[in-house]
Amino acid sequence: MLMLGFDGFMGILKIVLVALAAFGLFDAVFRREDAFRAADKQNKVFWLIILGIALVVSLLFSILSILPIAGLVASIVYIVDVRPALRQVSGGGGRGGWGRRRGGSSSDGPYGPYNGGR
């Protein structure tokens, strides 16, 4: 019974590893090459190869080996570090535009400009 629960947990973990690698690879495919250079990150081909290897490794190997863990680290680095830099350079914004007005100044609050109590 305990092993069945452990196998189920490991199966869910494997699905998460594959999903992270697939998301990173899918995102990197549709980013422009010049955005990688402008963000001062490695080039697009580098990230496509790394994320592709991470996806294949997470599909083929057991989660308890070192290779899927390395693939997980590569996927997390792309999603947490590279992707936000690419979005900022490409004009995608930090939060995808949700709850943020276009234009305005840095002193604008949620209900209009902040004037410092004047």
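Is F26 buried or exposed? F26 is exposed, at 55% relative accessible area (buried is under 20%, exposed over 50%, partly exposed in between, with a 1.4 Å probe and protein chains only). This is a predicted model, in which local features need pLDDT of at least 70 and side-chain atom pairs count only at pLDDT 80 or more, while totals for chains, interfaces and linings use all residues. Residues are numbered from 1 along each chain as its sequence is written, and side-chain values use heavy atoms, with hydrogens and water left out.

**View A. F26 and F30 form an edge-to-face pair.** Their ring centres lie 4.9 Å apart with the planes at 65 degrees (rings of Phe, Tyr and Trp, the last by its six-membered ring, pair if their centres lie within 6.5 Å; planes under 30 degrees apart count as stacked, over 60 as edge-to-face and the rest as tilted). F30 is exposed too, with a relative accessible area of 61%.

**View B. F46, W47 and Y78 make up one aromatic cluster.** Here F46 is partly exposed at 33%, whereas W47 is buried at 8%. Beyond its neighbours within four places in sequence, W47 touches F36, Q42, A74, V77, Y78 and V82 (contact means heavy atoms within 4.5 Å).

**View C. The largest nonpolar core has 14 residues.** Such a core joins buried Ala, Val, Leu, Ile, Met, Phe, Trp, Tyr and Cys residues through side-chain atoms within 4.5 Å. Among those with the most contacts inside this core are F36, W47 and L86.
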